[in-house]
Amino acid sequence: MIFDTIAAISSPLGTGAISVIRITGNKTKKLIKELFDNEKTEPKKMYYGWIKDKDEIIDEVTWVYHKGPKSYTGEDMLEIFGHGGVLVTKKILNLILSKNIREALPGEFSKRAVMNKKMDLVKAEAINELIHANSDYALKAAANQMEGKLSEKIQDLKKDLFTIAARIEVEMDYPEDFEVDNFEFLNSLNKVKDELIYLYENADNGITAIEGIKMAIVGKPNAGKSTLLNALLRKDRAIVTDIPGTTRDTIEESLSIRGILIKSIDTAGIRETEDVVEKIGVERSLKAIEESKLILFVLDNSTGIEDYDIEVYEKLKEFSYKDIIIVINKSDIKNRVNFNVPWKDYDIVKISASNGDIRNLEELIYDKLKNTVITNEYTLTNERQKNAVKKAIDSVSKAIEGINLGLTNDAIMFDVRKTIEGLNELTGEDYTETLLDNIFGNFCVGK
Ligand code: GDP
């Protein structure tokens, strides 16, 4: 495929040691001759020189030329490494753009790599997920997928499906000479189906590792919910005050507990109220609880159990199918002797949020959640991938059913083809511009 030549700054724009500018397309080689006094273009070699705009020196740089198809995009590519200043980097880019080269859109380099079949869509998504990963498990899930084992597995399954399709076709063309071995077909199709179901059933771990687990913090005003969130975040984000009910709105924060990405929602309160503003807060809090997998119910050691706590406990009964932890905060305050939690249906842990003494809680959260984020090299990592696999499962199931019902080869062939299409959608071999634009629109510029 022939595309126009594009350029972008691939490093973050800011002050740093080095900046990277990338160019890809068939004008690349010509550009090298225009930009540098050194005209050598031996691929994969690093050259040194000056970038000048007519007589004006812009920067002292090094550069590497990658000759297509042996490059990230599969086309001729140039990577320029300049000094990492915002202005100087933009000047280099502008000089390049003045030579009839277009500025790249977000993710356009990776999009070309997929369109030029240098990598499949699954790998491209894994690279993006790796860049954006902000927890160890997310990083692991992305790295596993980037390694390519999932892509290999999909290609193997496709090979099996193609073999089946070819055999059915031969039988359709020469019905007298060949007889379809239904038993063998069923075996192969069931094997494909089992493998796909395995991928589908394990997808949620990959998605959870990448997207994070929602956790709501509930409890009466002043129990220390905001302080706890801050302790978990180890930075000041939620506003902490002594006036009950300051946290009116919900605050969502990403944090990592022993490598697990958690999206924590600090709630405003879930007590019945007549106050209009508070009512909105209560509704939002209930929604946050509904969306959460884990709920921290914070009690205050210094007050003991009060009516408000009992109301929260009663409300939480509706959500008892979720992971709920009772957190006794302010355990540093010893002024209350008989503080016993009468509720034994949930795990109970003592902490002191303001002292940062929350290790027990972190351990318990980790134990509860670790099994939901463990991934292997075959784990899918987003809903798009999961949906494509679902389509393939539906089609292969229909093909199996068709054989069992004794349907015509035409009908079975249709479903085998549909299964292959589902897998092609997964790997991006059957793509539409809109699909690719949607996916790569979320990438960084220059990636
Ligand atoms: P929220 O209304 O539940 O969000 O409660 P805050 O986080 O705003 O805390 C209310 C008050 O309790 C503040 O004065 C905090 O400093 C204090 N506090 C929070 N956690 C602890 C703790 O572990 N020990 C002590 N002694 N005070 C705490």
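1. Lys-330 lies in the loop between strands S11 and S12 (347–350). Strands here are DSSP runs of E with at least two residues, helices are runs of H or I with at least four residues, and both are numbered from the N terminus. Lys-330 has a positive phi of about 60 degrees, although it is not a glycine. Lys-330 is partly exposed, with a relative accessible area of 23%. The cut-offs are these: buried means under 20% relative accessible area, exposed means over 50%, and partly exposed is in between (1.4 Å probe, protein chains only).

2. A word on the model. It is predicted: local features need pLDDT of at least 70, side-chain atom pairs count only at pLDDT 80 or more, and totals for chains, interfaces and linings use all residues. Residues are numbered from 1 along each chain as its sequence is written, and side-chain values use heavy atoms, with hydrogens and water left out.

3. Now look at Asn-329. This residue belongs to strand S11 (residues 323–329). Asn-329 counts as buried because its relative accessibility is 2%. Its contacts (heavy atoms within 4.5 Å) include Ala-223, Gly-224, Asp-300 and Ser-352, when neighbours within four places in sequence are left aside.

4. Asn-222 also has a positive phi, of about 80 degrees, without being a glycine. Asn-222 is found in the loop between S7 and helix H8 (225–233). Its relative accessibility is 33%, so Asn-222 counts as partly exposed.

5. Strand S7 (residues 213–219) is mostly covered: six of its seven residues are buried. S7 pairs with strand S10 (residues 294–300) in the parallel sense, over five bridges. Two strands pair if DSSP finds at least two bridges between them. Val-218 has Phe-297 in S10 as its bridge partner.

6. Next comes an open sheet. Six strands form it, in the order S3-S4-S5-S2-S1-S6, and the pairing is mixed. Which strands stand at the edges? They are S3 and strand S6 (102–103); each has a single partner strand, so one side of each is left without a neighbour in the sheet. Strands of a sheet pair through backbone hydrogen bonds, either parallel or antiparallel.

7. At one, strand S3 (residues 46–53) pairs with strand S4 (residues 56–66) in the antiparallel sense, over eight bridges. Asp-53 stands opposite Glu-56 in S4. The hairpin of S3 and S4 has two residues between the strands, and Lys-54 there takes a positive phi near 55 degrees. At the other, strand S1 (residues 6–9) and S6 run parallel, joined by two bridges. Ile-6 has Arg-102 in S6 as its bridge partner.

8. From Gly-68 to Pro-69 the bond is cis, with omega near 5 degrees. Pro-69 is found in the loop between S4 and strand S5 (77–83).

9. Ala-209 sits in helix H7 (residues 182–211). Buried or exposed? Ala-209 counts as buried, because its relative accessibility is 1%. Ala-209 and Ser-135 are 74 residues apart along the chain, yet their C-alpha atoms are separated by 8.1 Å. With neighbours within four places in sequence left aside, the contacts of Ala-209 include Ser-135, Tyr-137, Leu-261 and Val-373.

10. Helix H12 (residues 383–404) passes a length check. At 1.5 Å a residue, its 22 residues should span 32 Å; the end C-alpha atoms are 31 Å apart, which agrees. The expected span is 1.5 Å times one less than the number of residues. At the start of H12, a side-chain oxygen of Asn-382 reaches to within 3.2 Å of the backbone nitrogen of Arg-384. Just after H12, Gly-406 takes a positive phi of about 70 degrees.

11. Last, the largest pocket. Its volume is about 450 Å³. Of the 20 residues that line this pocket, the closest to its centre are Asn-128, Glu-129, Ile-210, Asn-382 and Asn-442. Helix H4 (121–132), H7, strand S9 (260–266) and helix H14 (433–440) each give two or more residues to the lining. H4 gives the largest share, four residues. On a 1 Å grid over the protein atoms alone, a pocket is an open set of points where a 1.4 Å probe fits, with protein on both sides within 12 Å along at least five of seven lines; lining residues have an atom within 4 Å of a point. Points are joined across faces, edges and corners, and the volume is the space filled by probe spheres set on them.

Notes
Polar contact = N/O pair within 3.5 Å; in protein donor to acceptor, adjacent residues only side chain to side chain.
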